[in-house]
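Dear colleague,

Please find the structure below, handed over for your files.

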Amino acid sequence: MVVLRVSMHCNGCARKVQRHIAKMEGVTSYQVDLETKMVIVMGDIVPFEVLESVSKVKNAQLWTEPIS
């Protein structure tokens, strides 16, 4: 599981990120929350590869705060 903070400002941004993640190899499921800018990606994936890939579409960083 990889948790990212992604710079998303509107539904269009969120959809762009969703489409990108859906095409990634090894991803079994994902969740995009526009309000908190949190993106959770699950599957047989390498965290830094996911971060690098998502960063190509939107500014992203690994989530550092505790997840509530």
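Which residues are exposed on the other side of α1? They are Asn-11 and Arg-19, where exposed means over 50% relative accessible area, buried under 20% and partly exposed in between, with a 1.4 Å probe and protein chains only.

The model is predicted: local features need pLDDT of at least 70, side-chain atom pairs count only at pLDDT 80 or more, and totals for chains, interfaces and linings use all residues. Residues are numbered from 1 along each chain as its sequence is written, and side-chain values use heavy atoms, with hydrogens and water left out.

Helices (H or I, at least four residues) and strands (E, at least two) are DSSP runs, numbered from the N terminus.

Buried in α1 are Cys-13, Ala-14, Val-17 and Ile-21. These residues lie on the same side of α1 because they cover an arc of only 95° around the axis, taken from the directions from the helix axis to the C-beta atoms. Their cover includes β1 (2-6), β2 (27-33), β3 (38-43) and α2 (47-55), with contact meaning heavy atoms within 4.5 Å.

As for the cysteines, the structure holds 0 disulfides, a disulfide being a pair of cysteine sulfur atoms within 2.5 Å. The sulfur of Cys-13 has its closest cysteine sulfur in Cys-10, 3.6 Å away and therefore too far for a bond. Cys-13 has a relative accessible area of 10% and so is buried, while Cys-10, at 37% relative accessibility, is partly exposed.

With kind regards
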